[in-house]
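Me: I'd like to learn how to read helix packing and aromatic pairs in a model like this one. Could you walk me through it?

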Amino acid sequence: MPKMGAIGVKVDLESDEEIPFSSSAATNKVEALDFEMVHLPSRPVMPNSWIARHIGMRAVRSIYIVLLKAKINMLLPFGPLAILLHYVTGKHGWVFFFSLLGIIPLAERLGYATEQLAFYTGPTVGGLLNATFGNATEMIISIYALKNGMIRVVQQSLLGSILSNMLLVLGCAFFSGGIVHYNKVQVFNKSAAVVNSGLLLMAVMGIMFPAVLHFTRTEVHFGKSELALSRFSSCIMLVAYASYLFFQLRSHRSLYNPINEEGDNDQDCDEDEIPEITHWEAIGWLSVLTVWVSILSGYLVDAIQGASDSFNIPVAFISVILLPIVGNAAEHASAIMFAMKDKLDITLGVAIGSSTQISMFVIPFCVVVGWIMGEPMDLNFQLFETATLFITVLVVAFMLQEGTSNYFKGLMLILCYLIVAASFFVHVDPSNDAN
Amino acid sequence: MSYMLPVEMESIDNESIHEFKDEILSIPEMKAQKSQPIQELGEGSFSGGLQAKGDDKMWRNVVCRSIKTVVLSNKLNMLMPFGPLAIFVHIFTGHNGWVFFLTLLGITPLAERLGYATEQLAFYTGPTVGGLLNATFGNATELIISIYALKHGMLRVVQQSLLGSILSNMLLVLGCAFFCGGLVFQDKEQVFNKATAVVNSGLLLMAVMGLLFPAVLHYTHTEVHFGKSELALSRFSSCIMLLAYAIYLFFQLKSQKNLYVPLNEEGSQNEENSDDDDETPEISKWESIIWLIIMTSWISFLSEYLVNAIKGASVAWKIPISFISVILLPIVGNAAEHASAIMFAMKDKLDISLGVAIGSSTQISMFGIPFCVVIGWIMGRPMDLNFQLFETATLFITVLVVAFLLQDGTSNYFKGLMLILCYLIVAASFFVHVDPSAADEAGT
């Protein structure tokens, strides 16, 4: 058991140093290994007759490790249950709720499979993998919503994911960490936070211009200019994100070392980095989980409007607040856990890195995908949402700029999130185009 | 790099003033000029002028030498013929697109030479007045173009070209400098003096505040006297901003010498001493003044044609006037500063680059814009600080982004790349932006 904890922490430290936005690395590790794991890397040569049995055993072992180990997988049955409900009762409220519950473990396992695969591909490609699939769940849900033409849902759910990461996840982490370590001030690497703040501000810039253009009605071709501008800005933001990855993973890696790395003896006993499943299993599970998440997302997205009607809450509230809270549940838990272990750099990597990833990669990516699909998805998030994002980024950037944390900062962020949530509870979307 | 007579070079006191002048008030052309081979004739014309033998041949030599030094020595002056060419094209073809383009090319070397003349004059006037000269004439080109546009009643062009100059300095020039410097010095992080950057950011934010209130008042339709309140508020705010700028100059020049010492001053003292051994001015005091006057008149002359051709160029090339005013005009107007900022970043003298870029932005926002409002007041033009919501929002978010990136006092190529990409987004936004009050630009 001590080995288990050690592996967990060491592995995350490794991957998170290079990949500030690894999603659910921590949670997996805590649940993970037992003695069986030691046997995996060694594959004795077996006679042909035993191969079939061996593969069968491997499959069972794989399923055991991936599906049955994590306690969070108790929620797995809710997925098929949601599908059943959809066909049998058509009660959208319950379908929505159960799909949400069903997606949570899948999202977490998806992150686990990504991290396992990262063992085999080396730090650079692993970092890239994490950077791309870290928010795979949000991306899949968004692409489904795009396909259904629910553009506002896409915009709002991505916005909500950014807000939830920056305020709720970070706030809870700072708060919990501050309470556990109340006699000292926790520190984190300032320069990484500053670069991330700069990127978030750049994303706000990219989102603000189409919104202000539309709002002041000063575009050259009404309705078409913002779309063209959004698409151009999205390409620029994707270029910026690619250079950011390059900057992080290649040239300025020293910039991203956690501050108290040298003096931390806990890491010395974290020698084992043995992955739990093999290379091909990781890829296989990645595909399987992605397919599962896609299927459930389909039902989830279809049920949003009905859920809004039956629960009597605005669609905006569901998209901005409910969806992301659930989608980020695993990241939330791991961020809090690392803050309590005084490893704030990892927490920041999870929270702020995820926000940066969504704002500079997923949002422009959705615009480009919409461009390919022919959907008019643009960066005009309407004035209220844009203003919310703007003020939130400012608040968070200011709090992060000095590189320290305490429970009060965390509490402030959480309370800010409550204000934001309340605002969206009474916000009616002027251009509600939910199908 | 100095405003003092050679004799004062040795004094430590003046060294520190000299250092901090570099960062804050240095004109870029001066730096570019230092890399040119210094004409030995400078000395000759200096002494020749002083002796004043009353010999005609001597005067003609002086004039020839002066012209050679000022006009022919700089490679950028190859663009000079474009000025007269533009006037020709205007008179003969009236093709506004070409007139505009050629005028732009013609003004570029003149702007650079104007900076050179200012810097030469500053040798003779001592550090304080020299600093003031720089602070006032550093952006003389933009001011001259703006005053001409004001005279023609093209208020939106004035506002947009000044705004574009600020944006281009803060994003494009600074971004290119950080990017090139970061690429050259990949293994280390370049540092610059945080205090300067923070003070400048504060001033820029104050300018944003001055611009924001009239715009928001107008936009929320909550002013007391519709149309007149913003003008009165703008004029009052301009006076306050000019006062702030004057105090800022005083603050820089007199009391805070120590604050602006660059971080690696000690190590690079020797290097700088060997670079800038020659601080002899190249032309005499009266020559500088005369050239200053000549350049100013030339620029005014060309600006007339430039401003007249804007509308025609917009129609001929099918691009919005706001794009021309905000993006094209400033890029050309700042070309010389741009080149020198990049060059200094690549020499790891980031404080000077920052002085060029951010200092120029501060100067335009806290001096250039209020000054134009006051000039408009005198001329009877309703020039105000209401830059319309879109432009004001653009300035606001830009100042925020730049202030955040500058606050930790370090630079790397990624920050530079971010700034450049932000500028591309801004340029794209203005490309699809139609000015709602375009009716104001009735070119008279």
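Me: Are α8(A) and α16(B) roughly parallel or roughly antiparallel to each other?

Reply: Keep in mind that this is a predicted model. The general idea first: two packed helices are described by the angle between their axes and the distance between the axes. Here, helix α8 (residues 190-215) of chain A packs against helix α16 (residues 388-406) of chain B at about 175°, and the axes are 9 Å apart. An angle over 145 degrees counts as roughly antiparallel, so that is what α8(A) and α16(B) are to each other.

Me: Which residues in α8(A) meet which in α16(B)?

Reply: From α8(A), the list includes Val194(A), Gly198(A), Leu201(A), Met205(A) and Phe209(A). On the α16(B) side you'll find, among them, Phe390(B), Ala393(B), Thr394(B), Ile397(B) and Phe404(B). Sorted by class, this contact has 15 nonpolar residues, three polar ones and no charged ones.

Me: What does UniProt place at residues 288-430 of chain B?

Reply: An unreviewed UniProt entry puts the feature "domain: Sodium/calcium exchanger membrane region" at residues 98-253 and 288-430 of chain B. In the model, the span 288-430 of chain B is 85% helix and 1% strand, and its end C-alpha atoms lie 39 Å apart.

Me: On to the rings. How many aromatic pairs does a search of the whole structure find?

Reply: The idea here is that a pair of aromatic rings is described by the distance of the centres and the angle of the planes. The search turns up 27 pairs over all chains. Take Phe317(A) and Phe425(A): their centres are 4.9 Å apart with 85° between the planes, an edge-to-face pair. Phe317(A) sits in helix α11 (residues 315-327) of chain A and Phe425(A) in helix α15 (residues 407-425) of chain A, so this pair ties together parts 108 residues apart in sequence.

Me: Which residues do ring pairs link into a cluster?

Reply: Phe361(A) and Phe365(A) are in it, along with Tyr241(A), Tyr244(A) and Phe247(A), plus Phe179(B), Tyr413(B) and Phe414(B).

Technical notes:
Residues are numbered from 1 along each chain as its sequence is written. Chains are lettered from A and ligands numbered from 1 in the order in which they are written. This is a predicted model: local features need pLDDT of at least 70, side-chain atom pairs count only at pLDDT 80 or more; totals for chains, interfaces and linings use all residues. Side-chain values use heavy atoms; hydrogens and water are left out. Axes are lines fitted to C-alpha atoms, for helices over the stretch in contact, and angles run from 0 to 180 degrees between N-to-C directions. Helices (H or I, at least four residues) and strands (E, at least two) are DSSP runs, numbered from the N terminus. Angles under 35 degrees count as roughly parallel, over 145 as roughly antiparallel, 65 to 115 as roughly perpendicular and the rest as oblique. Contact means heavy atoms within 4.5 Å. Ala, Val, Leu, Ile, Met, Phe, Trp, Tyr, Cys and Pro count as nonpolar, Asp, Glu, Lys and Arg as charged, and the others, Gly among them, as polar. UniProt positions are given in the numbering used here, feature names are shortened, and annotations may be inferred rather than shown by experiment. Rings of Phe, Tyr and Trp (its six-membered ring) pair if their centres lie within 6.5 Å; planes under 30 degrees apart count as stacked, over 60 as edge-to-face and the rest as tilted.
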